[in-house]
Amino acid sequence: MTTLPPPIPAAPAASSSSRHALVTALRSPLGIVASLLLVTLILLATFGPVIWGETAKVADLTQLSMAPSAAHPLGTDAGGRDVLARLLSATRISVVTAVLATAIGVTLGVLLGLLPTVAPNWVARVVNSILGVALAFPSLLLAIVVSIIVGVGVVSVTLAIGLAMAPAYARLAQTLGASAAGRDYVDAARVLGVSRFRILTRHVLPNVRDPLIVNASIGAGTALVASTGLSFLGLGVQAPDYDWGRMLNESLDGIFVNAAPTLGLSAAIVFAGVTFALVGETLARAFGLNRSPRRQRRRRGASNDEVAPLHVVDDPVLRVRDLQVRVPRGDGWADPVRGVSFDVGRGEIVGVVGESGSGKSLTCMAVAALLEEPIEVAASTVQFEGTELTAGGRVSSRISSAGVAHQLGARMAFVLQDPATSLNPALHVGTQVAEVGLLHGGLDRKSAHRRAVDRLDAVRIPDAAQRAQAYPHEFSGGMRQRAMIAMGLMGEPALLIADEPTTALDVTVQREVMSLLAEVNEVKGTALLFVSHDIALVSSFCTRVLVMYRGAIVEDLTAADLAAGRARHPYTRALVEAIPHLEAEPGTAFATIAEDAEFPTEPVGSRS
Amino acid sequence: MTELVLEDVRVRYGSGSSAHDAVKGVSLTVASGRTVGLVGESGSGKSTIARAIVGLHEPHAGRILVDGTDVVRAHGRTAVLRRDVQMIFQDASSSLDPRMNVGASIAEALEVRRPDLKDVKARRAEVARLLEVVELDPARVGDLPSQLSGGQRQRVAIARALAAAPRVLLADEITSALDVSVQGTVLNLLRKVQQELDLTVLFISHNLAVVRQLCEEVAVMKNGLLVESGPTTRVIDAPEHPYTRELVRAVPRLGVPLAETPLSRSGDPR
């Protein structure tokens, strides 16, 4: 390999944003406690032996195994030495052993775990089987065996625990590394011809680093318990040295006379263990590995004038007025849906189009009461078949009234974009379809199953009775989506909301699903609210189209008007023009919308 | 000027009884400086072909010729020839390392492929030039992928591919993760660099309308085989194979109701 000049250094943007996250995590209550504990522990480990080391050595033969007193807060040991002084000066050896052992374990583990990414396949297989065997042993047992082989003493204990911890870290590094190595950016680097070693150091390691650091920090606590445990057993630190484990062992002899030393030592071990765990937790939050949602209430913004619907329907199946969705983002809130009002008439097919981030999916999930805390859904009215879904100006996923929940379950159906993730892979398809009947249809198990088979047949699943016993992975994408629709048809839905139901499917399968939806609408009179980014598809299928842009409905027009080029809002017109179509002149430039284009979020005037 | 030729390429996943042939013998020529579309539905094997060409998954039979030299299982200088073929992936949010900023991602390609740029300064200038080629503000060199929009990310991915000084570009569904408003910009950019650098392009897509407007020729894949190929306007405007006809018919058109398809009740494997 030729030596390459150093890469262009990463710009400060990356490090400053992660530094910012660390600072935020450190300022949280957890972070403050963790840093205080850590600083205390470091100070004790550094200065403990210096300050109390001499006192700890003084053996007062007139004061053997004394109970706590003013001079000896934790009493004295069998040799007449002050227990507290010994405990404090033993901090260093106990903590250093644990940290070193962890460092050995992590280093060894990462080397072993990431070896398969760079080494030939057979090496990977050998490493894997060794790891498998090593993982089968409890690590403390492994440590005991190793320390007996290597010999007793503080060095061997550190080594033993490090070695015993390595397999677990190797497996962790391997799993993380494998998932990073499967990413497209690693493929891209391979296509460029970047060497395996550089891929490892540049793309794999940085992307597995954070979880490893967090695990190592928590693992240091485990190492501390293990090393004190080994010393307690007499395998670790030997006289005249002493750590918390050995002291604990010695204190046990006098526990019925004087319990204070044992309690003090236990407290010290717990203190150090908790410190490591909290530091790990703080780092995890700083790296965003388990961010706890912060719930800060925000006053409802000055209630602007209610957005009037552009098209009012008499006796609608769904009536929505001034729907707003707020999502916590960073320190504040984002408003992906800001004041949406519309009606869906009985038996109507209404399309909602817009680009990613326009709020179209959130709008539909909000009216179906599917959005959960910490997302906030506010509306002045959401009426489904005359039933009010808002309570106190909010739509909550926790519907308090059993009647309303039942009505939603039986009369409103929801079909999601990706049928691969909306079906439970562990249950038969038929069971999942039947469940709707059990929950909302008031059916018993047998009749629910019979109806499920009937519904699967209705959505053209061949051999429905038999295919009901199949698992989702045995269905193709199109069949899974039909099964989802069958689920929606278990009740007698007045409204079926379909959120990008064909985006994950091929065009030929898309057509089947669309004609099935059209049939449901025609035969059952079920109203459809159809969400899609594909304005051509929407116009070919719906009667009326709502165009969403930046969280607002900017136009409400019939599909016929849309198709005939009678759209009035500039955004709608730009969208229509941007669709590539089969009649375009080959070789010509594609129509574009400038990236920084700003369209008015004001809707064009009412049509009706 | 580089020609890309596939001769009876077969790609197999797995081995033994679980073996599955994703590509079952495909022969295809992308003439020098041409843009050829490869269309088909998911599972047809079109992305597998792209991965085979760049060596991410070696074919188990057949030849892949870059300017007449077979690059399958190549070593040494022939392997380097394969790097003349670069690929742009479907989703730039996963094909760019989330921890590397724009400049570092592009510079990585320069380090490997442009030994003539000896120092950091020369590479930095080249990164800036490439960003201008893909119509991005060179001041964004320090941005992380997460700070860019989807279209900007894909343009960075194009810049990275260009940094490797390719002669053949494979574009694998490069706009399918993008909004329609951004799609046109990325496609126009692809055409611009193709023309300016006289690149040979294999454009993989499921979008027939895009392929028709962008590509001179098209090949249609189904179940690992080519069912039809030829000049784009001929194949798409007057398809001969029933499957191509079905594909064209299924494309949604503004305001035209989707043609009624009889739904087969019996033995439909889909």
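What share of the contacts in chain B with a separation of 6 or more comes from residues 24 or more positions apart? The share is 65%. The model shown here is predicted, and the legends below go through it view by view.

**Figure 1. Chain B as a whole.** Chain B contains ten helices and ten strands. Its radius of gyration is 19 Å, close to the 18 Å that the globule rule gives for 270 residues, so chain B is as compact as a globular protein of that length. The C-alpha trace of chain B spans about 65 × 45 × 35 Å along its principal axes. Of the 270 residues in chain B, 50% are buried.

**Figure 2. The two domains of chain B.** Domain 1 of chain B consists of two stretches, 1-84 and 166-252, while domain 2 covers 94-165. Between the C-alpha centres of these two domains of chain B there are 25 Å. Where the domains touch, twelve residues of domain 1 of chain B are in contact with 13 residues of domain 2 of chain B. On the domain 1 side, helix H7 (residues 180-197) of chain B gives the largest share, six residues. By class, this side of domain 1 of chain B has ten nonpolar residues, one polar residue and one charged residue.

**Figure 3. A six-stranded sheet in chain B.** Six strands of chain B form an open sheet with mixed pairing, in the order E6-E7-E8-E3-E9-E10. Strand E6 (85-88) and strand E10 (225-231) of chain B are the edge strands, and each of them pairs on one side only. On average, neighbouring strands of this sheet are turned by 20° against each other, direction ignored. At one end of the order, strand E9 (residues 217-222) of chain B pairs with E10(B) in the antiparallel sense, over six bridges. Within this pair, B:Val218 stands opposite B:Gly230 in E10(B). Helix H6 (residues 150-163) of chain B lies across E6 and strand E7 (168-172) of chain B, and runs at about 175° to E6(B).

**Figure 4. The two domains of chain A.** In chain A, the domain assignment gives domain 1 as 22-286 and domain 2 as 316-578. The C-alpha centres of domain 1 of chain A and domain 2 of chain A are 52 Å apart.

**Figure 5. A covered strand in chain A.** Is strand E3 (residues 349-353) of chain A mostly covered or mostly open? E3(A) is mostly covered, with five of its five residues buried. In a regular strand the side chains alternate between the two faces of the sheet. On one side of E3(A) are A:Ile349, A:Gly351 and A:Val353, and on the other are A:Val350 and A:Val352; all are buried, and both faces are covered. E3(A) runs parallel to strand E9 (residues 527-532) of chain A, and five bridges join the two. E3(A) also pairs in the parallel sense with strand E10 (residues 544-549) of chain A, over four bridges. A:Gly351 has a bridge partner in each of these strands: A:Phe530 in E9(A) and A:Val545 in E10(A).

**Figure 6. The contact between chain A and chain B.** Chain A gives 65 residues to the contact and chain B gives 72 residues. Several helices of chain A give two or more residues to the side that touches chain B, among them helix H1 (12-27), helix H9 (196-232), helix H19 (507-524) and helix H22 (570-578). By class, this side of chain A has 39 nonpolar, 15 polar and eleven charged residues.

**Figure 7. Two aspartates with positive phi.** Most residues other than glycine have a negative phi. A:Asp463 is not a glycine, yet has a positive phi of about 50°. A:Asp463 lies in the loop between helix H16 (445-458) and helix H17 (464-467) of chain A. Because A:Asp463 has 14 C-beta neighbours inside 10 Å, A:Asp463 counts as partly exposed. In chain B, B:Asp8 has a positive phi of about 45°, although B:Asp8 is not a glycine. B:Asp8 is placed in strand E1 (residues 4-13) of chain B. B:Asp8 counts as partly exposed because 13 C-beta neighbours lie inside 10 Å.

Conventions: Residues numbered from 1 in each chain as written. Chains lettered and ligands numbered in written order. Predicted model: local features only at pLDDT ≥ 70, side-chain atom pairs only at ≥ 80, totals over all residues. Domains from an automatic or database assignment. Pairing = 2+ DSSP bridges. Axes fitted to C-alpha atoms, helices over the stretch in contact; angles between N-to-C directions. Contact = placed C-beta atoms within 7 Å. Rg over C-alpha atoms; globule rule 2.2 N^0.38 Å. Buried ≥ 20, exposed ≤ 12 C-beta atoms within 10 Å, placed from the backbone. Nonpolar A, V, L, I, M, F, W, Y, C, P; charged D, E, K, R; others polar.
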